[in-house]
Amino acid sequence: MAGSRGFLNSIALLGGALLCGCAVQPASSAAPATGQQQQSILVGSTPAAGSTVQARVTELKLRFDPPARLHELTVVGDQATMPMMVTAVGEVPDYTIPLSGLGPGSYTINWRASARGKEYRGSFQFTVR
């Protein structure tokens with residue numbers, strides 16, 4: 001159960017995380033949005049969509065094009081699901097969300113954002129070994 005406690009501690013930190021517009025290199029294309037629009041506005045993430053990383057994940061970076069207001073973020077792991085309601089200061093291209101360290105396992109990131117008056121939803125997965 002130590003793994004699930006570590007995941008929950010990471011998510012607890014995520015809940016109190018301050019979202020900021022910071023520079024991030026587009027690492028990958030994310031999965032297509034599943035909301036009202038078929039084309040995803042999430043154009044990059046770190047960890048990258050579909051990637052396998054070898055070390056604990058201490059932050060999540062998201063890049064939107066066009067800039068977006070992130071409304072909701074859910075991290076789903078092997079042991080728990082934690083929905084996050086977030087408040088962004090406006091439509092910005094980059095978000096950095098600090099984590100206390102996601103350990104080994106598979107994770108799905110679900111997000112909901114709006115840009116230019118339209119709502120978008122999407123998700124992507126990555127694995128930590």
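Read along the sequence, the protein follows the pattern α-β-β-β-β-β-β-β, that is, one helix and seven strands. The model is a predicted one. Buried residues account for 46% of the 129 residues. Of the contacts between residues at least 6 apart in sequence, 65% join residues at least 24 apart. The accessible surface is about 6600 Å², and carbon and sulfur atoms hold 51% of that area.

**Strand β6 and its partners**

- Strand β6 covers residues 105-115. Eight of its 11 residues are buried, so β6 is largely enclosed by the rest of the structure.
- β6 runs antiparallel to β3, and seven bridges join the two strands. On this side, Thr-74 stands opposite Asn-110 of β6.
- β6 also runs antiparallel to β7, through 11 bridges. Here Arg-112 has Arg-121 in β7 as its bridge partner.
- β6 and β7 form a hairpin with two residues between the strands. In this hairpin, Arg-116 takes a positive phi near 50°.

**Ser-114**

- Ser-114 belongs to strand β6. Its relative accessible area is 16%, and because the limit for a buried residue is under 20%, Ser-114 counts as buried.
- The side chains of Ser-114 and His-71 make a polar contact at 2.7 Å.
- Leaving out residues up to four places away in sequence, Ser-114 touches Ala-68, Arg-69, His-71, Glu-91 and Glu-119.

**Nonpolar core**

- The largest nonpolar core has 26 residues. Those that touch the most other members are Leu-60, Leu-62, Phe-64, Leu-70, Tyr-95, Trp-111 and Phe-126.
- β3 supplies the largest share of the core, with eight residues.

**Aromatic pairs**

- Three aromatic pairs are found in a search of the whole structure. One of them joins Phe-64 and Tyr-95 in an edge-to-face arrangement, with 5.9 Å centre to centre and 90° between the planes.
- This pair links distant parts of the chain, since Phe-64 lies in strand β3 (residues 57-76) and Tyr-95 in strand β5 (residues 92-102), 31 residues apart.
- Phe-64 and Tyr-95 are both buried.
- Ring pairs link Phe-64, Tyr-95 and Trp-111 into a cluster. These three residues are also among the core members that touch the most others.

**Loop between α1 and β1: Ile-41**

- Ile-41 lies in the loop between α1 (2-15) and β1 (42-46). With a relative accessible area of 3%, Ile-41 is buried.
- Neighbours within four places in sequence aside, Ile-41 is in contact with Arg-63, Phe-64, Asp-65, Pro-66, Ala-68, Trp-111, Ala-115 and Tyr-120. Two of these contacts, Phe-64 and Trp-111, belong to the aromatic cluster described above.
- The C-alpha atoms of Ile-41 and Pro-67 are separated by 8.2 Å, although the two residues are 26 places apart along the chain.

- Ser-40 is in the loop between α1 and β1. Ser-40 counts as buried, at 13% relative accessibility.
- A polar atom of the Ser-40 side chain lies 3.1 Å from the backbone nitrogen of Leu-42.
- Gln-39 is placed in the loop between α1 and β1 as well. Gln-39 is exposed, with a relative accessible area of 64%, whereas Ser-40 is buried and so is Ile-41.
- From C-alpha to C-alpha, Gln-39 and Tyr-120 are 8.7 Å apart in space, against 81 residues apart in sequence. Tyr-120 is also one of the contacts of Ile-41.

Key: Residues numbered from 1 in each chain as written. Predicted model: local features only at pLDDT ≥ 70, side-chain atom pairs only at ≥ 80, totals over all residues. Heavy atoms only, no water. Helix = DSSP H or I, 4+ residues; strand = E, 2+ residues; numbered from the N terminus. Buried < 20%, exposed > 50% of the residue type's maximum accessible area, 1.4 Å probe, protein only. Polar contact = N/O pair within 3.5 Å; in protein donor to acceptor, adjacent residues only side chain to side chain. Contact = heavy atoms within 4.5 Å. Phe/Tyr/Trp six-rings, centres within 6.5 Å; stacked < 30°, edge-to-face > 60°. Core = buried A, V, L, I, M, F, W, Y, C linked by side-chain atoms within 4.5 Å. Pairing = 2+ DSSP bridges. Areas by Shrake-Rupley, 256 points an atom, 1.4 Å probe, with all protein chains shown as cover.
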